[in-house]
Amino acid sequence: MNILQTLLLLYLLLNLLHALWILALWLRTNRTRPPAHARPYTLGQGPTAILLIHGFADLPAAWRRVAARLAELGFTARAMSLPQTRKETTRTWLTAIETEIDALRRSHARVWLLGHSLGGTLALLAAHRAPQKIDGLALWAPYLAIHPRKDRQLPCFRARTWLGIQRFLLLLPLSDTYFPFRRGEPPFDYTVGKVIPRPLFGALFEAARQARALTRHPDLPLFLLLAGDDTVVDNAPSEALLDAWPGPQCRLIEPHAKHPLPLAETWQRQADATARFIATQTERTPPCPSTPPSSTSAATSPPPTRP
């Protein structure tokens with residue numbers, strides 16, 4: 001057996017092992033995921049609608065507690081589902097978001113966007129694309145750049161380089177999400193699929209690139225919530241975004257929270273702070289608390305006024 005035949009055999013063996021690994025992941029996570037976790041839903045009937053946009057490789061189920069709280073406070077909370085096929089691009093994601101905005105506009109006086117991680121990135125891009133259609137933005141740990149620690153999937157390789165190597169070597173266009181598939185705590189826990197089309201990573205990186213390239217921002221209210229212990233996204237670009245933002249703004253930091261803010265122990269305090277800022281923009285009162293959220297239980301926080 002010559003060297004070329006040996007390399008070809010190793011290449012085929014590598015792809016066989018990868019296919020078996022992907023199949024095992026799919027059988028463990030994607031096949032057993034309850035369909036209800038991926039379905040969009042609407043809670044509440046308030047005059048102000050809040051469109052909830054989940055993060056990368058996540059589901060509308062991530063917003064269940066937050067959506068219920070916003071509905072309790074008098075808002076309409078609409079949790080959409082981002083499409084996750086191999087044909088998705090940043091443009092198709094933004095088109096899906098704009099479709100949701102148009103539907104909410106027909107039946108509500110005001111529409112806000114609340115996005116987490118990639119959802120925050122897309123909310124920002126959607127606001128630039130059609131600022132006349134929305135009344136404000138709330139971004140929870142938006143993904144504008146990968147955290148330096150998360151950006152190292154293998155020694156000497158950044159995430160984009162590693163995915164490029166996969167695209168070159170592997171025939172099957174599917175990949176591990178590199179995120180946990182069990183999320184949340186009972187009774188609000190849910191599972192996400194660990195297997196996604198690899199081209200979705202390209203759409204993810206492109207969305208962040210477009211967001212970082214934005215210069216002239218719309219004059220809209222902006223609520224920014226950051227996780228102090230975030231090891232997935234880099235908070236520095238988000239801080240710079242707020243510094244350059246022309247409209248009313250509020251920045252709050254949960255000092256001990258990690259990246260999945262909708263699932264954090266402080267979820268209710270975060271939802272209340274977001275709702276309070278939205279209500280202040282409706283009532284034209286001072287836009288932001290003078291101090292960040294305290295470390296006390298969210299249940300002790302006074303609820304915001306209804307919109």
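These questions and answers walk through a predicted model.

Visitor: What pLDDT does the chain average?
Guide: At least 70 is the score reached by 87% of the residues. The chain average is a pLDDT of 86.

Visitor: How many residues of strand β4 are buried?
Guide: Strand β4 spans residues 110-116 and is mostly covered. Buried means under 20% relative accessible area. Of its 7 residues, the number buried is 6.

Visitor: Which residue in β4 stands opposite Leu 51?
Guide: Strand β2, residues 48-53, runs parallel to β4. The two are joined by 6 bridges. Opposite Leu 51 stands Leu 113.

Visitor: Which residue in β5 is the bridge partner of Trp 112?
Guide: Strand β5 covers residues 136-140 and runs parallel to β4. Between β4 and β5 there are 5 bridges. The partner of Trp 112 is Gly 136.

Visitor: Through which helix does the chain cross from β4 to β5?
Guide: The path is a β-α-β crossover, and it is right-handed. Its helix spans residues 118-129. That helix is α4.

Visitor: Which residue takes a positive phi just after α2?
Guide: Helix α2 spans residues 64-72. Its buried residues are Arg 65, Val 66, Ala 67, Arg 69 and Leu 70. Just after α2, a phi of about 105 degrees belongs to Gly 74.

Note on methods
Residues are numbered from 1 along each chain as its sequence is written. This is a predicted model: local features need pLDDT of at least 70, side-chain atom pairs count only at pLDDT 80 or more; totals for chains, interfaces and linings use all residues. Side-chain values use heavy atoms; hydrogens and water are left out. Buried means under 20% relative accessible area, exposed over 50%, partly exposed in between (1.4 Å probe, protein chains only). Helices (H or I, at least four residues) and strands (E, at least two) are DSSP runs, numbered from the N terminus. Two strands pair if DSSP finds at least two bridges between them. A crossover is right-handed if, with the strands pointing away from the viewer, the path from the first strand over the helix to the second runs clockwise. pLDDT is the predictor's confidence in each residue, from 0 to 100.
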